Amino acid sequence: MAQHEDGELIDHHCHGLVQRDLARPEFESMLTEADAPGPPGTTLFDSQIGFALRRWCAPLLDLSPHTDPDSYLERRAALGYEEVHRRLLTATGITTFCVDTGFQPEPLTSAEQLAAYAATNANAHPSMTADPGTSAGTGAGVGTGAGVGTGAGVGTAACGLEVTRLERIAELAAVDVLTGQIGVSHLADTVRARLDTRAPTTVAVKSVAAYRAGLELPAVRPTEREVAAATRTWINEIRAGAPIRLHDPVLHAFLIWCGVDAGLPVQIHVGYGDNDLDLTRGNPLLLTGLLRALAPTGVSILLLHCYPYHREAAYLAQVFPNVHLDLGLAIHNTGRGSAALLAQALELAPFAKLLFSTDTYALAELFLLGATLFRRGLARFLDDGVADDAWTSTDAARVTRMISADNARRVYSLPLASSSLQVPASAAHDLAVHSGTSGDDPARGPATRGQSTHGDAPSNDATRGEATRSQVTWAGW
Ligand SMILES: [Zn+2]
C-alpha cells in the first residue's frame, strides 16, 4: 500500500462562497452547471455529485453517511452557513486558495475569508478527529467521511490569493470609454496599466474566451493595429445597444498576451462549464497555434477543468513545456467516476503538469467533495501502480505531493512557508491578499447571474452612469 499523505492541498483555481443560508431549490441550482431544475418529480441530487454529497458531507454536519437531501439541508440550515463553511473547509486540508474574483453575481467570500474559514485550531470540530472506522482503506487517509482534514488539533493556517479575470479588466475599461473617461484608442494601454497595477497582488490571470469567442484564438500575436480595430468595433457594438461583453478572438488573444507580458501565469477555461458555453468551441486543441506561439515565453499556461477534453489537455501538457492542466469542477461533478477521470488524465500528462483545483463556486460542499474525491482518485491510481510494481510507494508519495501542492507552488512561485501545515498565523496573514480592495463592492446587493452590479476602483464608480453600468453583463467562470 502506498504511503500517501493526507497532507496539504493548494487549490489553484476556485471562487468564493455564498454568504447566506439557502433553501433547497437554490441549493440544487448551485450544485451543478444546470441553470434549471430537472423535469417535475426529479431532483439533481439523483446524480454522482448528489450521492457524493450525501456520502462525504453529511458526516461533517453530524449526520450519517448517505443521509437524505432534506435531512441534510435541514441540518445545514440549523447550523447556519458560517458554521457549515468552517466545518467543511477545515476538513479539506486546503492550505492555499487561488480565488478568481471576476464572477460575483452576488457578494461572495473573499480570498482572505476563505482562508480564515479553512484555518484550524486546537479546538477544531470533533468530527475532525472522528474514528476513521468507515475508512475505505485506500491508504490515502481519506476514507472517513470526516477525516480528510490535516492535523486537527494541531492548528493550521491557510492563505488566500487572487486570480484576476482578464475580460473583466477589459470590460471595465470599456465602461471608462463609454463614460468618456478615456478615449477608445487608450483602452489597450489602460488594460495593460491596470494589469501591471494588479501584478504584485495577483498570482495569475484568467481567460474565459471559451465562453465568448471559443478557443480558436489567433496563432500569431495580434498587432497594435488589429487590437485597435477590434476595440473600435467592440465599442461601436456596445454603443449600438449590445451588452458590454467582450467576445472578439483578437481581443481575447490580446488579453492573454497582456497577462504573459505582465509575467503572470495564464489560466484558461477549457471544456465543461454551464450552458452559456458551446462545448465544441471549448476543445483545448483549438488553442494549439496560440500555445505554440506562447511556448517560447516560458510563461505557465493552466488549462482549467478540461472535461471531457482532459485527454487532449494531457497531450498538450506533454508536448508544450509551459502547459499544465487540472480537473477542477469535473472531479466533484463526476463523483465516484472521478477516479477514472484522474487516471485518464495521467495516462499522458507528466506528473509535474497536473494541478489540484476544485473550481468551487458558492457551496462549501464543493470544496469538500473536490478535495475528498481528488485524494481518493489519486490514491487509487497510485495504489494500483504500486500493487502492479509500476512504481514504488516512495514514488507514489512524492507524486501525491507534486500534484496536491508542489506543482502549484512551482507555477505560482508560492513561498515554501505555505507547504508547512503549521504556518505561523503572522506569515499566513502576510501572504493573504485583501481581494476586496481590488474586487467588488460588498455593499451592493445580491444579483442574479448575468445581472452585474460590478464596479471597479471605487474612485471611478462615482463618475460612471448607472445606465451604462447596467449594461455590463458577466458570464461564465
Ligand atoms: Zn472557475
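Trainee: Which residues of helix 14 and helix 15 meet?
Mentor: Keep in mind that this is a predicted model. From helix 14 come Ser 338, Ala 339, Leu 342 and Ala 343. Helix 15 brings Leu 373, Arg 376, Gly 377, Leu 378, Arg 380 and Phe 381. By class, the contact holds six nonpolar, two polar and two charged residues.

Trainee: What makes helix 2 roughly perpendicular to helix 15?
Mentor: Helix 2 (residues 48-56) packs on helix 15 at about 90 degrees, with the axes 10 Å apart. The range for roughly perpendicular is 65 to 115 degrees. The angle is inside that range, so the label holds.

Trainee: Which residues make that contact?
Mentor: On helix 2, they are Ile 49, Ala 52, Leu 53 and Trp 56. On helix 15, they are Glu 365, Leu 368, Leu 369, Thr 372 and Leu 373.

Trainee: Why is strand 1 described as largely enclosed by the rest of the structure?
Mentor: Count its buried residues. A residue is buried if 20 or more other C-beta atoms lie within 10 Å of its own. In strand 1 (residues 9-14), six of the six residues are buried, so the strand is largely enclosed.

Trainee: What makes strand 1 an edge strand?
Mentor: The sheet is open, with eight strands in the order 1-2-3-4-5-6-7-8 and parallel pairing. Strand 1 and strand 8 (354-355) each pair on one side only, and they are the edge strands.

Trainee: How do you know that strand 1 pairs with strand 2?
Mentor: Pairing needs at least two bridges. Four bridges join strand 1 to strand 2 (residues 94-100), and the two run parallel. One of the bridge pairs is Cys 14 with Val 99.

Trainee: And how many bridges link strand 5 and strand 6?
Mentor: Five, in the parallel sense, between strand 5 (residues 266-270) and strand 6 (residues 301-305). His 269 stands opposite Leu 304 of strand 6.

Key. Residues numbered from 1 in each chain as written. Predicted model: local features only at pLDDT ≥ 70, side-chain atom pairs only at ≥ 80, totals over all residues. Buried ≥ 20, exposed ≤ 12 C-beta atoms within 10 Å, placed from the backbone. Contact = placed C-beta atoms within 7 Å. Nonpolar A, V, L, I, M, F, W, Y, C, P; charged D, E, K, R; others polar. Axes fitted to C-alpha atoms, helices over the stretch in contact; angles between N-to-C directions. Parallel < 35°, antiparallel > 145°, perpendicular 65-115°, else oblique.
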